[in-house]
Amino acid sequence: MKKSRGILSLILVAALSVLLGVTTIHGLDSEGMGAAKNINLGLDLEGGVSITYQVKGDKPSQEDMDDTVYKMQRRVEQYSTEAQAYQEGDNRISIEIPGVEDANTILEELGQPGSLYFIKHKDADGNENYTLGAEGYVLNKTIDELKANGSIVLTGSEVKSATAGTWENQQTGKKEYGVDLTLNADGTEAFATATTEAYNNGNDTIAIYYDGELISVPSVNAIIENGQAQITGSASYEEADNIASTIRIGGLNLELEEISSKVVGAQLGEEAISTSLMAGAIGLAIVCLFMIFVYLLPGFASSIALVIYTGLILLLLNAFDITLTLPGIAGIILGIGMAVDANVIIFARVKEELSAGASVHSALRSGFHKAMSAILDGNITTLIAAAVLWLRGSGPVKGFAQTLALGIVVSMFTALVVTRLLVYSFYAIGIRNPKVYGRVKEPRKPIDFLGKKKVFFAISIALCLSGFVVMGINSARGVGALNYSLDFVGGTATTVTFDKEYTLEEVDSQMVPELEKITGDKNVQVQTVKGTNQVVFKTQTLDLEKREAFESYMQNDFGVTEEITTENISSTVSSEMRMDAVIAVVFATIFMLLYIWFRFKDIRFATSAVAALLHDVLIVLAFYAVARVSVGNTFIACMLTIVGYSINATIVIFDRIREEMKNSSKNADLKELVNRCITQTLTRSIYTSLTTFVMVAVLYVMGVSSIKEFALPLMAGIVCGAYSSVCITGALWYIMKTGKSVKVQTASKAPAKQIEDSKSEKEDGTAQNNAGQKTAKTKKKKKRKH
């Protein structure tokens, strides 16, 4: 790079930094487009609309309620991945959608979830089930009669998805609008039979009936056997979208009616947001100062890149309309840790080259080149996990995956493009003294990590088993294996109407501490209802004694005279959502294993990495059991963060082992090689863990109680991830690698004496070879003397 180009690059980076700063604070236009204040926040940080539905008719079964709650959850996720649906009482379902203040608009778009049916035109006797009148199609029979005569083809529960579509007519070239339908296995079979019958009857119709009226009566133009159908003929995209939305909403086992809607405030309040932002800023400043202190000029370049990373993340959260919640903050923190990680890998390589006597330019070029594979493999592995979690997960898992994937992509860009550009620009303008590119130290003597593997394994096994032991003890004591929050097990929602309007901060400071003692719940969730004096308190399930104590406290201390209403509520993380999360993690683990196997050409690397992930998850689970930290939505985010963080650290060590094996002879001592590789990457492991730990620790120190419960196990996980990467993964791989060699020798079934003779011959050959080398060296010395 020429000097002029270096100056221009620095000016452009400075301009980008200023632009991102201005955009983050004020936005790009008068309406604040792109500003941090316009980022969509979840219910925990901002609040939104709460709508309560009641089941029509008799009391439903719990199986139907669970199924309906899950499907409603999938419906409301079209507004936000952080929307929630949960059961309230025996026959009510509440949904909460963050970032929305107009309940009427949501009700119009979401509709009134009713029953959906696909109906044959004629029954078995040839009588018409519906006819075309002056005002359109009307049913001639009741739904019960249609069910009895076998005219119901499908119900809404057999429709997997319905989306509006636009396509071009091949003959006329005009745009056409319609609905794409996807059916489940049962629906596919039933629809194939029905469309065959309708098609053979001269393109007969199959009507779609929803909530008392026929919404569409399309003709059957083909036999549909694959479960993929199109409803064509809509006059506009809006009409097609309305039909698709109605079909999606109608795919419920129960018919619902809306009984109340309200705008609720944030669960954590403005203090949680302000302290989180302040903690993030302080943590980022500490990390930047640390990088400058350790790596000098390159550290300064990486600090600028980190600031740009933060600005880009905030800008892209706006651009992609991502809802930010507490789990989302975890994804961003992990992204910062990975951005630091990439820089540490690069600069550690640069220092190694400088220590070996290379010039600054050569060291920079070699450092970036050698670090590339470790950075790409580590980030791509985590990106695969994020992609699978987003595709297969739901709710908080999907939200976490979005912010994690965004953070990974941006961190790679800032590390490999921005940092590189800055470092080469500084070199181009004349800053070429090796001393400013890192303190050169003598290579560290390899630490014998493998020699202590039995101790490490014993510690790990003890820690993993301790979790199950403590959970067993907790269950025996009757307090539950883990301290599940109402997110997982449900609880009680108590609505109190005060004589004046309280802010969330006033409720948190004046009421919550005492309520925690009365209810025995350390994580009381509070929501204010906008425009009223009502406050909703969500706690673990309260028995009659605790409910009475709750009411007495409100009446005696705050003069509450209005009736206090209580309802049991289900978990916001349903069993189906939990299953989705488990399946997503399993799939993510499998894909990570396959990628590592493909890249390293050795399944032992992959199995070692996955075993370490399981190790970290079990130890963090043990921490939750021992410390009795609440297990809720943030638990899922914490576990996913540990998985992403740990695999990245492991990949760096494995990448160094792979590199050293390529450059070493076949007779190299494998144990010494592994110890050397772990030692060479030890600085990276410590620095990356330290910087990420600092970010979370500041969040813990400054955060409100719910944020502390999130940050504490995350800190334990970061320490555990660093420990497993350094002390466990290399040892596991070494055992599997050497164990394979032992099996090969055993399979040969060679006599013991033959093996000993072979060893003696090998040792003799080695001794002769060494002697030959010494003789050659002696001859060279004699020549030099002459």
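**Helix packing and backbone features**

In this predicted model, α14 and α15 pack with their axes 9 Å apart and at an angle of about 155°.

Me: Are α14 and α15 roughly parallel or antiparallel?
Reply: The angle between α14 and α15 is about 155°. Angles over 145 degrees count as roughly antiparallel. Therefore α14 is, relative to α15, roughly antiparallel.

Me: Is the crossing of α14 and α15 left-handed or right-handed?
Reply: The two helices meet through E514, L515, I518 and T519 of α14 and K546, A549, F550, Y553 and M554 of α15. The crossing of α14 and α15 is right-handed.

Me: What length does α15 reach from its first C-alpha to its last?
Reply: Helix α15 covers residues 544-558, which is 15 residues. At 1.5 Å a residue, 21 Å is expected. The span in the model is close to that value, at 21 Å.

Me: Within what arc do the buried residues of α15 fall, seen down its axis?
Reply: The buried residues of α15 are F550, Y553, M554 and F558. In an α-helix there are 3.6 residues a turn, so residues three or four places apart point the same way. The buried residues of α15 line one face of the helix, because they fall within an arc of 95°.

Me: Which elements do the buried residues of α15 pack against?
Reply: F550, Y553, M554 and F558 are the buried residues of α15. Their packing partners are β14 (491-497), α13 (504-510), α14 (512-519) and β16 (534-539).

Me: Which residue follows α15, and what is its phi near?
Reply: Helix α15 comprises residues 544-558. The residue that follows α15 is G559, with a positive phi near 60°.

Me: Is L296 buried or partly exposed?
Reply: L296 lies in helix α7 (residues 269-319). Its phi is positive, near 55°, in a residue other than glycine, whereas most residues other than glycine have a negative phi. Buried means under 20% relative accessible area. At 23% relative accessibility, L296 therefore counts as partly exposed.

Me: What is the relative accessible area of K601?
Reply: K601 is found in the loop between α16 (575-600) and α17 (603-627). Although K601 is not a glycine, its phi is positive, about 55°. K601 is exposed, with a relative accessible area of 66%.

Key
Residues numbered from 1 in each chain as written. Predicted model: local features only at pLDDT ≥ 70, side-chain atom pairs only at ≥ 80, totals over all residues. Heavy atoms only, no water. Helix = DSSP H or I, 4+ residues; strand = E, 2+ residues; numbered from the N terminus. Expected span 1.5 Å × (residues − 1). Buried < 20%, exposed > 50% of the residue type's maximum accessible area, 1.4 Å probe, protein only. Arc of directions from axis to C-beta. Contact = heavy atoms within 4.5 Å. Axes fitted to C-alpha atoms, helices over the stretch in contact; angles between N-to-C directions. Parallel < 35°, antiparallel > 145°, perpendicular 65-115°, else oblique. Left-handed = near helix turned anticlockwise from the far one by under 90°.
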